[in-house]
Amino acid sequence: MLPQVLIFSIGIVAIEVVVGVTGNGFITAVNIVNWIKSKKISSADMILIFLSTSRFILQMTILMHIHSLYFADVLKLASVYKAFGAVWMFVNHASLWFSTWLYVLYCVKIINVTQWLLLQIKLRIAEMVPWLLLGSLVISSVTSLPLLWITPSTYLCSSTGNCKENSTADITDWDSSNLYLLVLYFVGCFFPLVLSVVTSALLITSLWKHTKKMQYYMDTCKDPLVDVHLTAIKSIISFLILYVSSFVAQILLILSTSQSKDVVKVAVSLVVAGAYPSIHSIILIIVNSKLKLAFRMLCHHLK
């Protein structure tokens with residue numbers, strides 16, 4: 001029987017998944033409907049469609065991960081277990097890349113640039129977005145498909161393909177396979193995380209400079225760009241906080257097994273990892289005027 005703390009955490013994760021699936025489904029639906037109606041799509045909306053779809057799949061894998069750790073099912077088969085791990089790694093890295101490109105796009109559009117290279121990027125960012133999304137899918141594949149050739153460390157697989165737990169497994173095998181998994185996870189997350197930090201730093205710097213200028217004109221005008229800057233910075237900072245927390249939590253989950261005695265650590269890690277795609281989808285709806293308006297119209301219609 002599962003410990004009470006795990007049952008409680010699984011209940012919280014289930015709520016998070018419902019919220020995340022609803023939020024990401026709403027984002028995808030709104031942008032696709034607008035795309036069909038206008039027969040054109042902006043760069044930001046295109047990224048949002050990719051992001052919300054990957055987040056939807058990611059949350060499904062979180063539920064499957066919980067099930068595979070604490071219940072006996074088909075994921076105990078070695079081939080299925082490895083395929084599941086590859087899918088989880090792929091959508092996790094892809095969703096992070098998509099989030100990063102979304103904030104890079106905001107940064108390029110908001111910040112005034114004078115350097116020739118940055119100016120060229122700003123003028124051609126719309127043409128670059130489809131290629132950036134495609135490149136993100138390729139990179140995510142490169143950092144996830146090798147999992148198909150790594151023997152699962154949590155289970156020892158017999159010749160029939162069934163994975164059974166064995167506490168007498170050689171600790172070297174356990175370390176090597178988990179090391180490969182951690183390296184792939186870290187490599188896939190490191191570069192988009194760095195881009196996100198650089199983007200937030202540029203936005204904060206831009207806001208500080210703009211605020212200094214506004215001190216001379218505070219009594220005569222109000223620049224709407226200040227609100228734009230603040231909204232972008234708040235969303236990026238919240239994204240970074242959520243992602244770093246999720247990053248640590250997912251590392252702990254990678255290192256955990258179904259025989260882990262530290263159930264509190266596993267329970268907290270599950271809740272934190274599940275919160276990232278759920279809460280961030282809500283933040284995207286709040287900070288995006290189009291999505292916020294669509295949500296208000298939906299609430300009004302339901303009333």
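Let's start where helix H1 ends: Lys39 follows H1, and its phi is positive, near 60 degrees. Helices here are DSSP runs of H or I with at least four residues, strands are runs of E with at least two, and both are numbered from the N terminus. Lys39 is not a glycine, yet it has that positive phi of about 60 degrees. Most residues other than glycine have a negative phi. Lys39 sits in the loop between H1 and helix H2 (43-70). Buried or exposed? Lys39 counts as exposed, because its relative accessibility is 73%. The cut-offs: buried is under 20% relative accessible area, exposed is over 50%, partly exposed is in between, with a 1.4 Å probe and protein chains only.

A word on the source. This is a predicted model, where local features need pLDDT of at least 70, side-chain atom pairs count only at pLDDT 80 or more, and totals for chains, interfaces and linings use all residues. Residues are numbered from 1 along each chain as its sequence is written, and side-chain values use heavy atoms, with hydrogens and water left out.

Now the whole chain. It has 8 helices and 2 strands. From the N terminus, the order is α-α-α-α-β-β-α-α-α-α. Of its 303 residues, 43% count as buried. Take contacts, meaning heavy atoms within 4.5 Å. Among those with a separation of 6 or more, 80% join residues 24 or more positions apart.

Back to H1, residues 4-38. Its 35 residues should span 51 Å at 1.5 Å a residue, and the end C-alpha atoms are 51 Å apart, so the two agree. The expected span is 1.5 Å times one less than the number of residues.

Next, helix H8, residues 289-302. Its 14 residues should span 20 Å, and its end C-alpha atoms are 20 Å apart, which agrees. How many of its residues are buried? The number is 1 of 14, so H8 lies largely in the open.

At the start of H8, a side-chain oxygen of Asn288 comes to within 3.0 Å of the backbone nitrogen of Lys290. Lys290 itself is in H8. It is partly exposed, at 34% relative accessibility. What does Lys290 touch, leaving out residues up to four places away in sequence? Asn34 and Asp45. The C-alpha atoms of Lys290 and Asn31 are 9.1 Å apart, across 259 residues of chain.

Last stop, helix H5 (residues 171-214), where Leu179 is found. Leu179 is partly exposed, with a relative accessible area of 49%.

Key:
A polar contact is a pair of N or O atoms within 3.5 Å; within protein, one must be able to donate a hydrogen and the other to accept it, and residues adjacent in sequence count only if both atoms are side-chain atoms.
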